[in-house]
Amino acid sequence: MNNTFTHPLPDADGYFGEYGGSFIPPQLQTILAEISEAYEAIIRDEDFLGELRWLYRHYVGRPSPVFHARRLSQKYGAEIYLKREDVNHTGAHKINHCLGEALLARKMGKTRLIAETGAGQHGVALATAAALLGMECDIFMGEVDMAKEHPNVVRMHILGARVVPVGHGRRTLKEAVDAAFEAYLGDPVNQFYAIGSVVGPHPFPKMVRDFQSIVGNEARQQIQEMTGRLPDHVVACVGGGSNAMGIFSAFLDDETVALHGVEPAGRSLDEPGEHAATLTKGRPGVMHGFKSYMLQDEAGEPEEVYSVASGLDYPAVGPQHSYLKDIGRVRYHTINDAEAIDAFFELSRLEGIIPAIESSHAVAHATRLAAEGGSILVNLSGRGDKDIDFVAENYGARYGLPG
Ligand SMILES: *Cc1c(COP(=O)(O)O)cnc(C)c1O
């Protein structure tokens, strides 16, 4: 499909430098080795790649456009371009890897897709892929998140997925991960655990990156057609890091292109539990089956994390990002809640595009970078329809919405 499917990293054991790998129970090693083998086969299989390409085009609506944000550019003094992943079917980039993972699972003879979800975005994207391909789908979700993200629970039900409530502990994402993992171990032969970002044990960080690389490959060509050259900067928000790896991967070898990952500074970068800036404030460790930068307490347990963008509040980050940070190829920055919400309204009112609060972090950083001039390509990872009620309730008064 493209060159990132045969990228030199990770190595055969799933390492990007010292990061990545596979830290899992022995009974799972065999299963993951099978997934890895099946994956290496399908990325050389023209039938598989053809079907994926066909779905991207006719189901997701790819290629997604690159849009020159003229009024935003004018205000900030640089040329700002948006890669419009927000116009994909289901409203974000996640469908790109969910379709890839679901197709692979079906090819391997699996009948059920399993995953956890926090805000419900990954759950909805996976339930969509499952419906399309006629597979069963079990989504594990903490009861607290189910109440908070009710519309996504309804969406999953409508799509025919089973949402399994997780009622122990804090009843949020961490418990949902554990519950989903346990259910997966119950029958790893017929089930496929579809990880929702470039995280987890090998081969998931590689696989999810490869499925997302369509974003960067399209954008690199589109922006050259529009402007005759490569952008000076590429900017993306980083939760687990899949939309960022998707767009960065096409530009890694372009030395003139500066790459910027944007982490959530939440309410405060100085207090643990008030942000989710993993690369900025974390240190290397092992969690959820892989080695990477993590936000962890003294005992090495995952720290509480927070961001106004629920898709960004994860205490670890994809291992390739840790590697790219250490070698200095990507610079990682932070944007706090208030700055992200500002950018949310600004893009809505200057361009008529309501961005996801996650993506608003990237937009906010682009406006900051604009002081340097030049051209900036922003990955607009998703649309903000899911966020409007929350924003109206919490920020409406400040931005002049009628009460
Ligand atoms: C889930 C999500 C993210 C964060 O996930 P990454 O793996 O870091 O890309 C960002 N933007 C949107 C719209 C999302 O739904």
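Buried area is the accessible area (1.4 Å probe) that two parts lose on being put together, summed over both. The views below come from a predicted model, and that term is needed in the second one.

**Figure 1. The two domains of the predicted model.** Here is the overall layout to keep in mind for the close-ups. Domain 1 is made of residues 22-58 together with 94-205, while domain 2 takes in residues 61-91 and 209-395. Between the C-alpha centres of domain 1 and domain 2 the distance is 23 Å.

**Figure 2. The contact between domain 1 and domain 2.** How much area is buried between domain 1 and domain 2? The value is about 2400 Å², and carbon and sulfur atoms account for 62% of that area. In terms of residues, 28 from domain 1 are in contact with 30 from domain 2.

Figure 3. Which residues form the salt bridge R170 takes part in? The side chain of R170 meets that of E304, with 3.3 Å from N to O. The count of salt bridges between domain 1 and domain 2 is one. Polar contacts between domain 1 and domain 2 number 14 residue pairs, with both residues at pLDDT 80 or more. On the side of domain 1 that touches domain 2, the elements giving two or more residues are α2 (46-60), α4 (94-107), α5 (121-133) and α9 (204-227). Helix α4 supplies the largest share of that side, with six residues. By residue class, the side of domain 1 that touches domain 2 has 13 nonpolar, nine polar and six charged residues.

Figure 4. An unreviewed UniProt entry places the feature "modified residue: N6-(pyridoxal phosphate)lysine" at K94. Which residues are in contact with K94, leaving aside its neighbours within four places in sequence? They are Q121, H122, A125, G196 and Q212.

Figure 5. R162 belongs to strand β7 (residues 162-166) and D138 to strand β6 (residues 136-142), so the pair ties together parts that are 24 residues apart in sequence. Over the whole structure, a search finds 24 salt bridges.

**Figure 6. Backbone details to look out for.** Most residues other than glycine have a negative phi, and most peptide bonds are trans. Where are the exceptions shown here? Another cis peptide bond joins H202 and P203, with omega about 10°; P203 is in the loop between β8 (191-193) and α9. T90, a residue other than glycine, has a positive phi near 75°. T90 is located in the loop between β4 (79-84) and α4.

Figure 7. The feature "domain: Tryptophan synthase beta chain-like PALP" is placed by an unreviewed UniProt entry at residues 61-381. How far apart are the end C-alpha atoms of residues 61-381? They lie 15 Å apart, and the span is 42% helix and 21% strand.

Methods:
Residues are numbered from 1 along each chain as its sequence is written. This is a predicted model: local features need pLDDT of at least 70, side-chain atom pairs count only at pLDDT 80 or more; totals for chains, interfaces and linings use all residues. Side-chain values use heavy atoms; hydrogens and water are left out. Domain bounds come from an automatic or database domain assignment. Contact means heavy atoms within 4.5 Å. A salt bridge is a side-chain nitrogen of Lys or Arg within 4 Å of a carboxyl oxygen of Asp or Glu. A polar contact is a pair of N or O atoms within 3.5 Å; within protein, one must be able to donate a hydrogen and the other to accept it, and residues adjacent in sequence count only if both atoms are side-chain atoms. Helices (H or I, at least four residues) and strands (E, at least two) are DSSP runs, numbered from the N terminus. Ala, Val, Leu, Ile, Met, Phe, Trp, Tyr, Cys and Pro count as nonpolar, Asp, Glu, Lys and Arg as charged, and the others, Gly among them, as polar. UniProt positions are given in the numbering used here, feature names are shortened, and annotations may be inferred rather than shown by experiment.
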